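Notebook open, viewer open. I'm jotting down what I look up as I go.

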Amino acid sequence: MTLIMCESNDIILKKYRLYLESLAKNNSTEVFSNGGKDFASILMAILFKNTQNEIRIFCEGFKPDLIMTQPYFSELKGYLNDGKKELKVLVEDDTYRDMEPLLLLKEEKSKRNNDTILYKKVSETDKELIFKTLGNNHCNFAVFDTNKFRLEYDPVNYKAFGSFNNPQNCKILIDLFDNAFSNASII
């Protein structure tokens with residue numbers, strides 16, 4: 001009988017976090033994979049922590065499922081505590097507008113009393129353009145400053161890829177986002 005020893009999920013998550021922190025620290029151009037809710041939460045937290053100015057998020061609804069996990073949620077709150085940093089969220093569906101993640105944004109926006117936090121609902125035309133341009137039937141993405149991104153090509157399973165230093169891909173995502181955001185409706 002052969003006994004196979006497997007690393008615990010906690011050890012795997014810790015190694016993944018250390019790997020991503022090393023990439024961020026070294027401003028690496030490496031494109032890496034990201035899949036599963038726990039791994040997505042770690043990556044989003046590290047991206048929030050390493051953003052200096054602005055984040056753009058295009059997502060299904062800014063749903064609590066991923067956003068309320070740790071360390072994502074605590075890093076989101078930490079990012080929002082810096083009143084100079086900007087956050088724009090563009091959702092496909094405003095069903096979740098009265099749930100904690102968007103309520104947190106509304107509260108912070110009210111405290112700041114300016115346009116450094118904005119959230120809107122994408123038009124159907126722009127949503128279809130985003131999906132067509134990115135070659136997906138459905139996707140989510142986030143761009144951090146102008147060089148870091150996470151593109152989720154399978155939102156159901158949180159499968160994505162990203163980079164801490166890829167201005168070329170970020171420019172494509174920023175252009176798609178900004179165009180759609182300018183046409184979007186306020187929620």
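Is Asp 145 buried or exposed? I looked it up: Asp 145 has a relative accessible area of 11%, so I log it as buried. A reminder to myself that this is a predicted model.

**Entry 1**

I stayed with Asp 145 for a moment. Its phi is positive, about 55 degrees, although the residue is not a glycine. I find Asp 145 in the loop between β5 and β6 (148-154).

Asn 113 turned up too, with a positive phi of about 55 degrees and again not a glycine. I place Asn 113 in the loop between α5 (100-112) and β4 (117-121). Asn 113 has a relative accessible area of 68%, so I put it down as exposed; the cut-off for that word is over 50%.

I also checked omega at Pro 71. The peptide bond between Gln 70 and Pro 71 is cis, with omega about 15 degrees. Pro 71 sits in the loop between α3 (64-67) and α4 (72-81).

**Entry 2: aromatic rings**

How many aromatic pairs does a search of the whole structure find? I get 11 aromatic pairs. For each one I want two values, since a pair of aromatic rings is described by the distance of the centres and the angle of the planes.

I took Tyr 16 and Phe 39 to begin with. Their ring centres are 5.1 Å apart and the planes stand at 80 degrees, so I call the pair edge-to-face; that label needs an angle over 60 degrees. Tyr 16 belongs to helix α1 (residues 9-25) and Phe 39 to helix α2 (residues 37-49), so this pair ties together parts that are 23 residues apart in sequence. Tyr 16 has 12% relative accessibility, so it counts as buried.

Next I opened Phe 58 and Phe 141. Here the centres are 5.4 Å apart with the planes at 35 degrees, so the pair is tilted. Phe 58 is in strand β2 (residues 54-59) and Phe 141 in strand β5 (residues 140-144), so the parts tied together are 83 residues apart in sequence. I have both Phe 58 and Phe 141 down as buried.

I also noted one aromatic cluster, formed by Phe 48, Tyr 72, Tyr 79 and Phe 144.

**Entry 3: Ser 163**

Then I clicked on Ser 163, which is in strand β7 (residues 159-163). Its relative accessibility is 0%, so Ser 163 counts as buried.

What does the side chain of Ser 163 reach? I traced it to the backbone oxygen of Glu 30, at 3.2 Å. Beyond its neighbours within four places in sequence, Ser 163 is in contact with Ser 28, Thr 29, Glu 30, Val 31, Phe 32, Asn 147, Lys 148 and Phe 149. I also checked Ala 24: C-alpha to C-alpha, Ser 163 and Ala 24 are 8.6 Å apart in space, and 139 residues apart in sequence.

**Entry 4: a helix pair**

I read an angle of about 170 degrees, with the axes 10 Å apart. Over 145 degrees counts as roughly antiparallel, so that is how I describe α6 and α7.

Which residues make the contact? From α6 I list Asp 126, Leu 129, Ile 130, Thr 133 and Leu 134, and from α7 Leu 173, Leu 176, Asn 179, Ala 180 and Asn 183. Sorted by type, the residues of this contact of α6 with α7 come out as 6 nonpolar, 3 polar and 1 charged.

Terms used
Residues numbered from 1 in each chain as written. Predicted model: local features only at pLDDT ≥ 70, side-chain atom pairs only at ≥ 80, totals over all residues. Heavy atoms only, no water. Phe/Tyr/Trp six-rings, centres within 6.5 Å; stacked < 30°, edge-to-face > 60°. Helix = DSSP H or I, 4+ residues; strand = E, 2+ residues; numbered from the N terminus. Buried < 20%, exposed > 50% of the residue type's maximum accessible area, 1.4 Å probe, protein only. Contact = heavy atoms within 4.5 Å. Polar contact = N/O pair within 3.5 Å; in protein donor to acceptor, adjacent residues only side chain to side chain. Axes fitted to C-alpha atoms, helices over the stretch in contact; angles between N-to-C directions. Parallel < 35°, antiparallel > 145°, perpendicular 65-115°, else oblique. Nonpolar A, V, L, I, M, F, W, Y, C, P; charged D, E, K, R; others polar.
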